[in-house]
Amino acid sequence: MPIEIARVTKSFKDVRALDEISLTVEDGSFVTILGGSGCGKSTLLNMLAGLEAPSTGRITLDGQEITGPGPERVVVFQKAGLYPWLSLRDNIAFGLRLRGRSNIPWREVDRVIELIGLKGFENHRPYELSGGMQQRVAIARALVMHPRVLLMDEPFGALDAQTRETMQAFLTELWERIRATVIFVTHDIDEAIMLGTRLVVMGARPGRVCLDAPVKLGRPRGWDMTASPEFLELKRAARRILAGQPH
Amino acid sequence: MAKTERESVFALGARLPHASGLTTIIVLAVALALWEAASLLRLFPPVALPSPGAVWQAFVILFTIGYGGHTIWLDIGASALRVAIGFLGAVAIGVPLGLMMARVDLVFRIIDPFLQFIRPVPPLAYIPLLVVWFGIGELPKVLLILVGTIPVIIIGTISGVKATPPLRLAVARTLGATPRQIFNLVVLPSALPEIFTAMRVGIGVAWSCLVAAELIAADQGLGWLVQYAGQALQVAVVIAGIIVIGSLGYAMELVIRLVEARIVPWRGRE
Ligand SMILES: Nc1ncnc2c1ncn2[C@@H]1O[C@H](COP(=O)(O)OP(=O)(O)OP(=O)(O)O)[C@@H](O)[C@H]1O
Ligand SMILES: [Mg+2]
């Protein structure tokens with residue numbers, strides 16, 4: 001069963017941040033949400049995470065209304081938010097530890113550490129890692145929870161271009177393997193099109209969905225696809241919306 | 001404020017690792033020379049400002065023959081013990097109390113008025129009360145230090161809890177942490193750096209309460225020594241006593257810093 005966002009609005013005091021949004025997200029899809037600064041992307045994602053409640057409307061997962069955070073919907077934020085008093089390994093196991101100290105699947109934790117390419121850094125503290133490494137740890141911390149839905153709020157926004165590209169490739173490859181539902185927020189047009197199976201573009205003031213289109217690019221994805229007609233057409237449409245022009 | 005001070009000291013130390021130690025030595029040497037000059041020129045009567053040599057002699061006497069019937073080791077032991085117990089008591093009560101105040105609003109509203117009330121009261125003012133309630137033994141002396149120190153510890157603990165970065169909380173919530181887990185596994189460690197800052201400030205406050213505490217019918221202790229020698233106009237002994245108090249206070253702060261470096265190694269490195 002999919003995620004249903006049904007006529008959801010969000011206002012902060014009198015300011016309307018989001019105007020009636022309705023979306024259905026299929027299981028196993030990779031939806032990218034693209035929008036300018038302040039258009040309400042984080043607000044929408046936080047409601048999916050259960051960190052905030054909609055002002056009106058409802059969000060359901062498997063028909064169950066989302067009323068709070070839950071480990072089946074894990075979030076990766078723009079900043080890694082690691083705990084500096086824990087080693088890399090313990091940071092990754094943090095969510096598992098919350099379920100009980102005694103039955104942490106350490107072998108899987110170590111497998112994921114290998115997957116993110118940080119073998120040998122198990123006992124490092126977060127402040128001994130680079131920004132890209134920290135963000136990989138944050139993703140690993142989410143992955144070991146085996147979430148149904150992975151919510152990502154500009155997870156690569158704070159990284160330099162080179163690291164960002166590596167991380168995008170890493171995430172794509174990963175998703176092709178685990179096939180969790182991913183909802184990925186970004187304000188980078190190329191990133192949004194390259195990663196997603198479906199592109200949602202939001203307009204601002206108040207936030208609303210302006211474009212909702214499948215991304216018809218083959219897999220595996222490669223940067224040569226940025227020259228394909230499908231890519232350029234989506235990019236043009238997205239650009240127009242971000243520039244605030246009618247579409 | 002303590003933080004920026006610390007950072008600036010660190011920045012300086014980082015840039016001039018050898019020079020900063022050298023600066024300290026030069027400053028001390030110049031101060032000593034000026035002091036020697038002032039006493040040689042008799043700018044002040046020798047009773048009021050004894051020469052460095054006279055103070056050195058006082059030191060030697062304090063450590064060998066002693067003053068008031070015992071050597072200074074006894075005073076050091078008595079005072080260090082009073083300060084340590086008073087300070088540790090303030091930490092043992094203040095940290096849990098601060099945590100509870102930060103977590104439970106009702107507790108905060110009950111305790112905070114008392115806290116705000118005792119904060120500006122100088123420790124000297126408690127002496128009559130403490131003597132009436134607890135007599136003239138060790139208990140009122142230790143309690144005076146504890147009461148003087150505890151507001152710093154409580155306030156530092158509360159502000160440490162309040163300063164927990166929201167992102168750390170959001171991460172724990174989305175991973176399914178219960179409020180109790182969030183408090184124990186996220187808020188508590190996040191508050192540690194500020195708790196240590198409070199302890200470093202607190203150990204200084206504890207020492208500054210010592211002289212007041214030893215006004216309570218003491219016959220030993222560094223505070224007692226300084227007062228007793230002062231009444232006898234033994235200014236050299238007073239100065240020697242002050243130097244010992246300052247050094248011990250500094251030494252205890254260094255111990256706290258060592259513990260801090262072990263327990264919160266991430267401090268200032270995020
Ligand atoms: N807690 C809040 N209180 C009041 N207003 C808020 C709050 N959170 C968000 N807003 C407002 O809601 C709107 C959308 O904010 P949101 O953070 O969702 O934007 P965004 O699309 O994530 O932007 P960015 O790309 O800069 O992260 C903004 O106008 C913002 O000022
Ligand atoms: Mg945002």
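Is B:Ile127 buried or exposed, and what is its relative accessible area? In this predicted model, B:Ile127 is buried, because its relative accessible area of 13% falls under the 20% limit for that class. The residue belongs to helix H6 of chain B, which covers residues 127-134. Leaving aside residues up to four places away in sequence, B:Ile127 touches B:Leu144, B:Ala212, B:Leu215 and B:Ile216. B:Ala213 is 86 residues away from B:Ile127 along the chain, yet 7.6 Å separate their C-alpha atoms.

**The two domains of chain B**

The domain assignment divides chain B into domain 1, residues 1-43, and domain 2, residues 52-263. Their centres, taken over C-alpha atoms, are 26 Å apart. Six residues from domain 1 of chain B and six residues from domain 2 of chain B take part in the contact. About 480 Å² is buried between these two domains, and carbon and sulfur atoms give 71% of that area.

On the side of domain 1 of chain B that touches domain 2, helix H1 (2-15) and helix H2 (17-40) each supply at least two residues. H2(B) gives the largest share, four residues. By class, this side of domain 1 of chain B has three nonpolar, one polar and two charged residues.

Helix H2 of chain B also holds B:Ser39. B:Ser39 counts as buried, at 13% relative accessibility. Not counting residues up to four places away in sequence, B:Ser39 touches B:Leu49, B:Ser51 and B:Pro52.

**The contact between chains A and B**

Chain A brings 25 residues to its contact with chain B, and chain B brings 19 residues. The area buried between the two chains is about 1,900 Å², with 73% from carbon and sulfur atoms. In chain A, the residues that lose the most area to chain B are A:Trp85, A:Leu98 and A:Tyr127, together 34% of what that side buries. Zero salt bridges are counted between chain A and chain B, whereas three residue pairs, both at pLDDT 80 or more, are in polar contact. Strand S6 (73-76) and helix H3 (94-97) of chain A are the elements that give two or more residues to the side touching chain B. That side of chain A is made up of 16 nonpolar, four polar and five charged residues.

Side chains of opposite charge can pair when their charged atoms come close. Over all chains, the count is 19 salt bridges.

B:Arg82, in helix H4 (residues 72-103), and B:Glu214, in the loop between helix H9 (179-213) and helix H10 (222-231), link parts of chain B that are 132 residues apart. B:Arg82 is buried at a relative accessible area of 3%, and B:Glu214 is buried at 2%.

B:Arg200 lies in helix H9 of chain B and B:Glu253 in helix H11 (residues 235-263), so this pair ties together parts 53 residues apart in sequence. B:Arg200 is buried, at 11%, and B:Glu253 counts as buried at 19% relative accessibility. B:Glu253 and B:Arg257 are separated by about one helical turn, because they stand four residues apart in helix H11 of chain B. B:Arg257 counts as partly exposed, at 34% relative accessibility. B:Arg200, B:Glu253 and B:Arg257 are joined with B:Glu260 and B:Arg267 in a network of salt bridges.

Key: Residues numbered from 1 in each chain as written. Chains lettered and ligands numbered in written order. Predicted model: local features only at pLDDT ≥ 70, side-chain atom pairs only at ≥ 80, totals over all residues. Heavy atoms only, no water. Domains from an automatic or database assignment. Contact = heavy atoms within 4.5 Å. Buried area = accessible area lost by both parts, 1.4 Å probe. Nonpolar A, V, L, I, M, F, W, Y, C, P; charged D, E, K, R; others polar. Salt bridge = Lys/Arg side-chain N within 4 Å of Asp/Glu carboxyl O. Polar contact = N/O pair within 3.5 Å; in protein donor to acceptor, adjacent residues only side chain to side chain. Buried < 20%, exposed > 50% of the residue type's maximum accessible area, 1.4 Å probe, protein only.
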